[in-house]
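The sequence and structure are shown below.

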Amino acid sequence: MRALIMTAFLAAPVHAQTPQCMGLPDALTGLAQKYAEAPRVSGLTSTGALMIVTASEAGGFSVLLVSPDGTACMVASGEAFEVLPDEPPGVDG
């Protein structure tokens, strides 16, 4: 399992108490270069932060929270990322 993330993130394990943060362009470049990850999913949180999930074809993923000023903080990473298929219409969970 990946314990270290990106250039500035490389010095701190993902489970560290303080998230590692940097500008969004640098964060995305680091994830692309080190782990072949690209943005796959994004959305706005209830606090106004942008959440971006990056993932590689191999299944590695990272979750970034981006503040309105463009600072991206790594909040999670892992393996086995997949996009779930939509349920057929009329099927209840």
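## Hairpin E4–E5

In this predicted model, strands E4 and E5 form a hairpin, with 4 residues between them. Gly70, in the turn, has a positive phi of about 95°.

Strand E4 comprises residues 61-66 and pairs with E5 in the antiparallel sense over 6 bridges. Within this pairing, Ser62 has Ser77 in E5 as its bridge partner.

## Pairing of E1 with E5

Strand E5, residues 71-78, is also joined to strand E1, residues 21-23. These two strands run antiparallel and are linked by 3 bridges. Cys21 stands opposite Cys73 in E5.

Glu37 is located in the loop between helix H1 (24-35) and strand E2 (38-44). Its relative accessibility is 3%, so Glu37 counts as buried, the cut-off for that class being under 20%.

The side chain of Glu37 makes a polar contact with the side chain of Ser62 at 2.9 Å.

## Thr29 in helix H1

Thr29 belongs to helix H1. Its side chain reaches the backbone oxygen of Pro25 at 2.9 Å.

With a relative accessibility of 40%, Thr29 counts as partly exposed, because this value falls between the cut-offs of 20% and 50%. Glu37, by contrast, counts as buried.

Definitions and conventions:
Residues are numbered from 1 along each chain as its sequence is written. This is a predicted model: local features need pLDDT of at least 70, side-chain atom pairs count only at pLDDT 80 or more; totals for chains, interfaces and linings use all residues. Side-chain values use heavy atoms; hydrogens and water are left out. Buried means under 20% relative accessible area, exposed over 50%, partly exposed in between (1.4 Å probe, protein chains only). A polar contact is a pair of N or O atoms within 3.5 Å; within protein, one must be able to donate a hydrogen and the other to accept it, and residues adjacent in sequence count only if both atoms are side-chain atoms. Two strands pair if DSSP finds at least two bridges between them.
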